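User: I'm new to this one. Can you walk me through what is there?

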Amino acid sequence: MALPYEGAKEMLLVDNVDSRSFLEMLLTAMYDELPFSKKK
């Protein structure tokens, strides 16, 4: 976790964006915790 700027909420810092396998593993691991989109 990291703060993007002072006063902001913590965010997940992903600095290995060049690795497709790492990103795939990351998204697969957190998929079930992502919120559903809100209906308009």
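Analyst: Start with Pro4, which sits in the segment before H1. Helices (H or I, at least four residues) and strands (E, at least two) are DSSP runs, numbered from the N terminus. This is a predicted model, where local features need pLDDT of at least 70 and side-chain atom pairs count only at pLDDT 80 or more, while totals for chains, interfaces and linings use all residues. Residues are numbered from 1 along each chain as its sequence is written, and side-chain values use heavy atoms, with hydrogens and water left out.

User: What does Pro4 touch, leaving out residues up to four places away in sequence?

Analyst: Lys9 and Met11. Contact means heavy atoms within 4.5 Å.

User: Why does Pro4 count as partly exposed?

Analyst: Because its relative accessibility is 43%; buried is under 20% relative accessible area, exposed over 50%, and partly exposed in between, with a 1.4 Å probe and protein chains only.

User: Switching to Asp15. Where is it found?

Analyst: Asp15 is also in the segment before helix H1, which covers 20–30. Asp15 is exposed, at 67% relative accessible area. From Asp15 to Lys38, 23 residues along the chain, the C-alpha separation is 29 Å.

User: What share of the chain is buried?

Analyst: Buried residues are 5% of the 40.
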